[in-house]
Amino acid sequence: VSQSRIVFNFMIGGSGRVTTSSIISDEITSDKVRECIKDVLHGIQFPKPAGGKTVQVNQPMNLYPKRI
């Protein structure tokens, strides 16, 4: 089974929403897929950081093809 890996760096603001994100490294060949994953990341409501501070996150993601 072939997999692809993508690593994001993003900031979670005081409201629990992603304020900025960037791709640190990836094995994805499609810009469309990269942007789709980034859009989903920006739509996630994370728990609000303590004290309303900003939190920096480096998050690897492994993507696997759908098994039939």
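I take contact to mean heavy atoms within 4.5 Å, and I keep in mind throughout that this is a predicted model.

**Cover of the helix.** With that cut-off I looked up what lies over the buried residues of helix 1, and the cover includes strand 1, strand 2 and strand 3.

I then traced the strands themselves: three of them form an open sheet in the order 2-1-3, with antiparallel pairing. Strand 2 (18-26) and strand 3 (55-63) stand at the edges with a single partner strand each, so one side of each has no neighbour in the sheet. From one strand to the next I find a twist that averages 25°. For the pairing of strand 1 (residues 4-12) with strand 3 I note nine bridges in the antiparallel sense, and in strand 3 it is Gln56 that stands opposite Met11.

**Faces of the helix.** Which residues of helix 1 are buried? I list Arg34, Ile37 and Leu41; they cover an arc of only 70° around the axis, which puts them on the same side of helix 1.

**Length and start of the helix.** I checked the span as well: at 1.5 Å a residue the 13 residues of helix 1 should span 18 Å, and the end C-alpha atoms are 18 Å apart, which agrees. At the start of helix 1, I note that a side-chain oxygen of Ser30 comes to within 3.3 Å of the backbone nitrogen of Lys32.

Methods
Residues numbered from 1 in each chain as written. Predicted model: local features only at pLDDT ≥ 70, side-chain atom pairs only at ≥ 80, totals over all residues. Heavy atoms only, no water. Pairing = 2+ DSSP bridges. Helix = DSSP H or I, 4+ residues; strand = E, 2+ residues; numbered from the N terminus. Axes fitted to C-alpha atoms, helices over the stretch in contact; angles between N-to-C directions. Expected span 1.5 Å × (residues − 1). Buried < 20%, exposed > 50% of the residue type's maximum accessible area, 1.4 Å probe, protein only. Arc of directions from axis to C-beta. Polar contact = N/O pair within 3.5 Å; in protein donor to acceptor, adjacent residues only side chain to side chain.
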